[in-house]
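Here are a few exercises to work through with the model open on your screen. Try each one before you read the solution.

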Amino acid sequence: MSTDTSTPTTQQPATGSPPSSSSTLGRRLGRFVGHLVQSLVELVAGLVARVVGFTERWLVDSKHATYGLAVTRILLGLTAIGLLVSNFSTRLYAFGSGSAWNGEAAEPISDFPKIWLFSLFHRIALHDVAFTVAYLVLLLLAVAFTLGWRTRIVLPVFFVGWVSFIEMNDSLGDQGDNMYRMVLLALLFADPAMRWSLDARRRSRPVDPGRGWLARRWAGEPLLPSWATNTAHNLVLVTLTCHVCFVYASGALYKAGGTPWQQGYAIYNPLQTLRFGTWPELSDLLTAWTPAVTAVSWASIILQLCFPLMLLQRFTRVIGLFGILGFHVGIAVLMGLPWFSLAMVAIDSIFIRDVTWRWAAEYVRGAWASAGGDPAPPEEPAPAGAPAAAAEPSLAPTSTSA
């Protein structure tokens with residue numbers, strides 16, 4: 001009888017046993033988070049690429065608000081002409097030798113006359129003949145700037161002469177002088193004569209390539225590549241937009257902190273003074289009804305404060321531009337500050353789209369031709385190198401046009 005001597009075999013554990021539920025959940029959660037992070041990175045990268053691409057195209061491809069800046073140039077030139085002509089009879093008393101009693105001929109309050117570049121009028125202030133000649137030359141420069149004649153040469157000279165003149169008597173200045181000076185400085189890097197100017201007419205003519213380099217440039221051929229001039233021009237638009245928005249918003253906040261504005265009688269005070277109440281009967285009429293005074297006072301704060309945001313949409317932009325135009329017209333008429341208001345309106349012109357300016361120009365030309373029984377004139381030729389009107393893009397949101 002035999003006995004079974006075989007040893008029992010031990011069962012080996014299976015190597016492919018299913019993982020626990022906690023480890024499966026952990027790996028799944030890790031893959032989920034990784035997918036979310038990857039999607040977020042791709043979204044941000046795509047958004048950044050789109051913003052950079054749009055910004056590059058907007059800055060480099062073409063010049064924007066060319067008609068708006070042309071209107072800015074024209075109105076700023078008319079502002080200078082109006083101020084110089086209206087003060088010509090009192091030029092010596094206001095700015096020349098007759099104003100020596102205020103002490104600025106010996107020690108100017110402004111720092112600009114102390115800078116040699118802007119010291120011309122200060123040096124000749126006590127010499128009547130030299131001052132008058134310089135005054136008339138500055139007037140001719142303002143006319144040339146308004147017409148857009150050789151703007152690249154005239155504008156720097158006009159800028160230096162204007163700052164030298166306007167900073168002679170600090171007591172006669174206002175905030176419009178500061179805005180005027182800063183806008184002129186910015187326009188040095190833009191092309192405000194691309195439309196509605198003698199320069200634009202000259203550039204529209206073909207240039208003989210056989211002429212010398214200097215002759216071709218004098219005839220209107222571009223000196224710098226288009227990508228450089230386009231970028232500088234459009235950056236000036238961004239700069240002016242930011243500056244205008246800061247001025248209006250900060251002015252509104254400053255007014256809101258004052259008691260007269262909070263209580264709604266702020267516009268009553270200047271209109272009842274001899275200095276600003278230029279039309280006493282009209283001032284009395286407009287300030288006779290207290291609710292109207294309060295409404296206008298508070299509305300001016302709201303309009304200035306909301307103006308930057310109103311530029312973002314066309315509907316609100318139109319309302320904002322008409323409102324700010326009425327605001328400046330009121331200042332010009334009721335407070336006797338026409339040149340300040342005209343300078344501010346000139347700057348606000350950049351917010352109106354080129355297509356709107358073209359429509360207005362064509363309407364005026366057509367009405368003028370109809371009044372004379374003539375056929376409608378042809379559309380204004382575009383300068384050499386200018387983008388087609390139909391393909392001309394509007395401004396970016398920071399400087400969107402109406």
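A salt bridge here is a side-chain nitrogen of Lys or Arg within 4 Å of a carboxyl oxygen of Asp or Glu. This is a predicted model, so local features need pLDDT of at least 70 and side-chain atom pairs count only at pLDDT 80 or more, while totals for chains, interfaces and linings use all residues. Residues are numbered from 1 along each chain as its sequence is written, and side-chain values use heavy atoms, with hydrogens and water left out.

**Exercise 1. Salt bridges**

Find how many salt bridges the whole structure has, then work out whether Asp199 is buried or exposed.

Solution. 
- Start with the count: searching the whole structure turns up seven salt bridges.
- Next, pick out the pair Asp199 and Arg202, whose side chains meet at 2.9 Å, N to O.
- (Helices are DSSP runs of H or I with at least four residues, numbered from the N terminus.)
- Now check accessibility, where buried means under 20% relative accessible area, exposed over 50%, and partly exposed in between (1.4 Å probe, protein chains only).
- Asp199 is buried at 2%, and Arg202 is buried too, at 16%.
- For another pair, look at Glu221 and Arg217, with their closest N and O atoms 2.5 Å apart.
- Glu221 is partly exposed at 26%, and Arg217 is partly exposed at 22%.
- Finally, salt bridges with shared partners link Glu107, Asp111 and Lys114 into one network.

**Exercise 2. Two helices crossing**

Work out at what angle the axes of α2 and α17 cross, and which residues meet there.

Solution. 
- Two packed helices are described by the angle between their axes and the distance between the axes.
- Axes are lines fitted to C-alpha atoms, for helices over the stretch in contact, with angles from 0 to 180 degrees between N-to-C directions.
- For α2 and α17 (residues 354–372), the axes come within 7 Å and cross at roughly 65 degrees.
- Contact means heavy atoms within 4.5 Å.
- On the α2 side you'll find Thr66, Tyr67, Gly68 and Val71, meeting Asp354, Trp357 and Arg358 of α17.

**Exercise 3. Covering a helix**

Identify what covers the buried residues of α6.

Solution. 
- Find α6 at residues 151–166, with buried residues including Val154, Phe158 and Trp162.
- Then look around them: the cover includes α2, α4, α5, α7 and α8.
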